[in-house]
Amino acid sequence: MTSIFVSRKIERVFKSLELKDRKSLEGKFNSWNAHYATLDRKKYWTITHSFSRYSVYLPDFKAKDLKYFREIFIDRIISQLRVSKAENKIQSFDPSAIDTFIGDVSFHKTNNDRSAVAYINKRIEELKYWYYYREDYSYISLDTLAAHMNILGSKIIDGKNEFNYPTTEFLEIIHSSA
């Protein structure tokens, strides 16, 4: 089961979102943090895996799409990984393993993971940078941009900021859980 901790902004904007009790959580390896941002009048969800810091971007996501969230989420993950594979950034991945790893999706109120929230804000700023630097990023797909952004990341480990490889770590977690 996948647990997604949503920001208060998502709670306010998506009032129809059904939030579950945190007591039903299974483990940290399949928890994600989600934040909501607006860029060029489009609403984006940035969803980051809490452990590997792998980020998924859902563009133009609306309240009516909530009932298809799981399918959209898995589709975006697979699309981003296909771009990484096409550019030889990863060797291979199994879409059915990703589907199994994600399982059912449940939403929860924020867990106030400051490290994850800071990382999401950094990713949103990078997305804005790409947009304003290029002035028009319609020439590059969001999947390509996300794949490039997931190549190298950083996270705080034992109080130190260290580099990691979100795509590689995310795939290792999926393979180890299978």
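A search of the whole structure, a predicted model, finds 13 aromatic pairs, where rings of Phe, Tyr and Trp (its six-membered ring) pair if their centres lie within 6.5 Å, and planes under 30 degrees apart count as stacked, over 60 as edge-to-face and the rest as tilted. The ring centres of Phe69 and Phe73 are 5.5 Å apart and the planes lie at 15°, so this pair is stacked. In this predicted model, local features need pLDDT of at least 70 and side-chain atom pairs count only at pLDDT 80 or more, whereas totals for chains, interfaces and linings use all residues. Residues are numbered from 1 along each chain as its sequence is written, and side-chain values use heavy atoms, with hydrogens and water left out.

Phe69 and Phe73 both belong to helix α2, four residues apart, about one turn of the helix; helices (H or I, at least four residues) and strands (E, at least two) are DSSP runs, numbered from the N terminus. Phe69 counts as buried at 2% relative accessibility, and Phe73 counts as buried at 0%, where buried means under 20% relative accessible area, exposed over 50% and partly exposed in between (1.4 Å probe, protein chains only). For Phe101 and Phe170, the ring centres are 6.0 Å apart and the planes lie at 80°, so the pair is edge-to-face. Phe101 lies in helix α3 and Phe170 in helix α6, so this pair ties together parts that are 69 residues apart in sequence. Phe101 is buried at 8% relative accessibility, as is Phe170 at 0%. One aromatic cluster includes Phe14, Trp32, Trp45, Phe69, Phe73, Phe101 and Phe170.

The largest nonpolar core has 33 residues, of which Trp32, Trp45, Phe69, Ile77 and Ile102 touch the most other members. Such a core is a set of buried Ala, Val, Leu, Ile, Met, Phe, Trp, Tyr and Cys residues joined through side-chain atoms within 4.5 Å. Helix α2 supplies the largest share of this core, six residues. Another core, of nine residues, lies apart from it, with Tyr44, Tyr57, Tyr131 and Leu145 among its members. Beyond its neighbours within four places in sequence, Trp45 is in contact (heavy atoms within 4.5 Å) with residues including Ile10, Ala34, Val56, Phe69 and Phe107.

The 18 residues of α2 should span 26 Å at 1.5 Å a residue, and its end C-alpha atoms are 26 Å apart, which agrees; the expected span is 1.5 Å times one less than the number of residues. The buried residues of α2 include Arg76, Ser79, Gln80 and Ser84.

Strands pair if DSSP finds at least two bridges between them. Strands β1 and β5 run parallel and are joined by five bridges, with Thr2 partnered by Val105 in β5. Four of the five residues of β5 are buried, so this strand is largely enclosed by the rest of the structure. Strands β2 and β3 run antiparallel through eight bridges, and His35 stands opposite Thr46 in β3. Their hairpin has two residues between the strands, and Asp40 takes a positive phi near 55°. Strand β3 is mostly covered, with six of its eight residues buried. Five bridges join β3 to β4 in an antiparallel arrangement, in which Ile47 has Val56 of β4 as its bridge partner. The hairpin of β3 and β4 has five residues between the strands, and there Arg53 takes a positive phi near 70°. The charged end of Arg53 sits over the ring of Tyr119, 5.8 Å from its centre; this assignment requires NZ of Lys or CZ of Arg within 6 Å of the ring centre and within 35 degrees of the ring normal.
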